[in-house]
Amino acid sequence: MTTVQSPPAPPTAIRPRVVARTGLYAVLAANAAVVACFFAQAGFASNALIVIGRFFGLYGALVMAFQLVLVARLPWLDRRIGMDRLTSWHRWTGFALLWTLLAHAVFISFGYADGAGVGPVSELVDLAETTQGVLRATVALGIIIVVGAVSARYARRRLAYETWHFVHLYTYVAVVLAFSHQVAVGTTFTSSSAAKTYWYAVWGVALGAVALGRLVLPLWRNYRHQFRVSAVVPESDNVVSVYVTGRDLDKLGAQAGQFFLWRFLTKDRWWQANPFSLSAAPDGRTLRLTAKAAGDGSAALRHLKPGTRVFAEGPYGAFTTLHRRKPESLLIAGGVGVTPIRALLEDLEGHAVVIYRVGTDRDAVLYDELRDLAVAKGAELHLVTGPPVPDRLAPRELVRLVPDIADRDVFLCGPPPMMNAVLRTLGDLGVPKPQIHFERFSLAG
């Protein structure tokens, strides 16, 4: 038997995710320092409450601009950090923004009310009626409160993605209102042309990033590649694969493990976008997605006709070989989460172990492809079936299947409960976090 030596792992001196994350922190810190300088240069009011209120308003606006960058879907950031992490950071900074702007409104109202000898509510109403930009700021704060309420976990779970997304779009209205308020009455900017120029530059970059990533790039890619459905292939009773072709797909830049937001332009579904991973490594000619009928959008895929126009946003995601640290890999898939795993197996070099967790053999979508691919790649394939309890991916079972698990990169994709359980198991087994790769879809399917 010929022994094939595994290729060396990618160099570990500088990691793409670390570079991108550090860069974001550095940019935010640098801007925070610049804002502090302009704030101090503008001088302080005699009322401490007003000073504190202005401070919160200034940094609340900076956080708002940073939020726009996080969700701009810029390819350089997305491929290194991943949309799921960027969206998670956006969500948490969103709540920070909400409390910061509330603090701004409260301290300003109490500060001016103290000087006028009236109640804070009356003072806020008077400011909105008499001071330029305050009414716009009040409306912006109201929008932020509503968006924050519908983004809370309890409300988010009970809203359709389209409803939540429609409400979320009003954030851009709040952004415009808040920005116009600040440049009109913010003492930091009204007292300094340099500060005002800087503030226009910050918001120009933030809004430009959103326009580029969310509008210009998707429109350009779809104009250039002209995506169309070429075939629809049922994989089982409730799973279907859709093949998409187009022009110059070799220049699209998609990688195994990534996903697109797919919008199939039929009369009844053109408005609905669904995130589906590539279920085969891109070959420059065809893109393939495989989906389970879990909702109206995915169930309708079975009825697509060849030739249907497709509007695809992406590729997105950092669930790729870019972040590998070890020459050998472990790929763990659960249910239809096998789709990016199957694509990754096709793309990976070095020895790989694949564990496919399903309830029954009939649930093993794309298993024949996985088996043939494992044979061709010299990989080990384990089909693990049975009910969730007892846990068949517990530490003892994983070590039995993969004794050298701590020396491998681990790629994980599946239902959230399974992923959470496996992540705990990997932690118990001492697998270093930089070697664990996963992404969670934050969009409804």
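User: Over how many bridges do β2 and strand β5 (residues 286–292) pair?
Analyst: This is a predicted model, in which local features need pLDDT of at least 70 and side-chain atom pairs count only at pLDDT 80 or more, while totals for chains, interfaces and linings use all residues. Residues are numbered from 1 along each chain as its sequence is written, and side-chain values use heavy atoms, without hydrogens and water. Strands (E, at least two residues) and helices (H or I, at least four) are DSSP runs numbered from the N terminus, and two strands pair if DSSP finds at least two bridges between them. Thr245 stands opposite Thr286 in β5, and the antiparallel pairing of β2 with β5 runs over seven bridges.

User: Through how many residues does a hairpin join β1 to β2?
Analyst: Strand β1 (residues 228–234) and β2 run antiparallel and are joined by six bridges. Pro234 stands opposite Val240 in β2. The hairpin that joins β1 to β2 passes through four residues.

User: Why is strand β2 (residues 239–245) largely enclosed by the rest of the structure?
Analyst: A residue is buried under 20% relative accessible area, exposed over 50% and partly exposed in between (1.4 Å probe, protein chains only). Strand β2 is largely enclosed because, of its seven residues, the number buried is five.

User: What share of the 445 residues in the chain is buried?
Analyst: The chain has 16 helices and eleven strands. Its C-alpha atoms fill a box of roughly 85 × 50 × 40 Å along the principal axes. Among the 445 residues, the buried share is 45%.

User: Where does UniProt place the feature "transmembrane region"?
Analyst: The record is an unreviewed entry; UniProt positions follow the numbering used here, feature names are shortened, and annotations may be inferred rather than shown by experiment. In the model, residues 24–42 are 95% helix and 0% strand, with end C-alpha atoms 27 Å apart. Residues 167–185 are also 95% helix and 0% strand, with end C-alpha atoms 28 Å apart. UniProt places the feature at residues 24–42, 48–71, 92–113, 133–155, 167–185 and 197–217.

User: What is the centre to centre distance of the aromatic pair Phe55 and Tyr59?
Analyst: Rings of Phe, Tyr and Trp (its six-membered ring) pair if their centres lie within 6.5 Å, and planes under 30 degrees apart count as stacked, over 60 as edge-to-face and the rest as tilted. The structure holds 17 such pairs. Phe55 and Tyr59 form a tilted one, with 45° between the planes and a centre to centre distance of 4.8 Å.

User: Is Tyr59 buried or exposed?
Analyst: Tyr59 lies about one helical turn from Phe55, because the two are four residues apart in helix α2 (residues 48–70). Phe55 has 37% relative accessibility, so it counts as partly exposed. Tyr59 has 18%, so it counts as buried.

User: How many residues apart are Phe179 and Trp203?
Analyst: Phe179 and Trp203 form a tilted aromatic pair, 5.7 Å centre to centre with 50° between the planes. Phe179 is in helix α9 (residues 170–185) and Trp203 in helix α11 (residues 193–225), so the pair links distant parts of the chain, with a separation in residues of 24.

User: Which ring does the charged end of Arg91 sit over?
Analyst: A charge sits over a ring if NZ of Lys or CZ of Arg is within 6 Å of the ring centre and within 35 degrees of the ring normal. Arg85 lies over the face of Phe438, 5.3 Å from the ring centre. The charged end of Arg91 sits 5.1 Å from the ring centre of Trp92.
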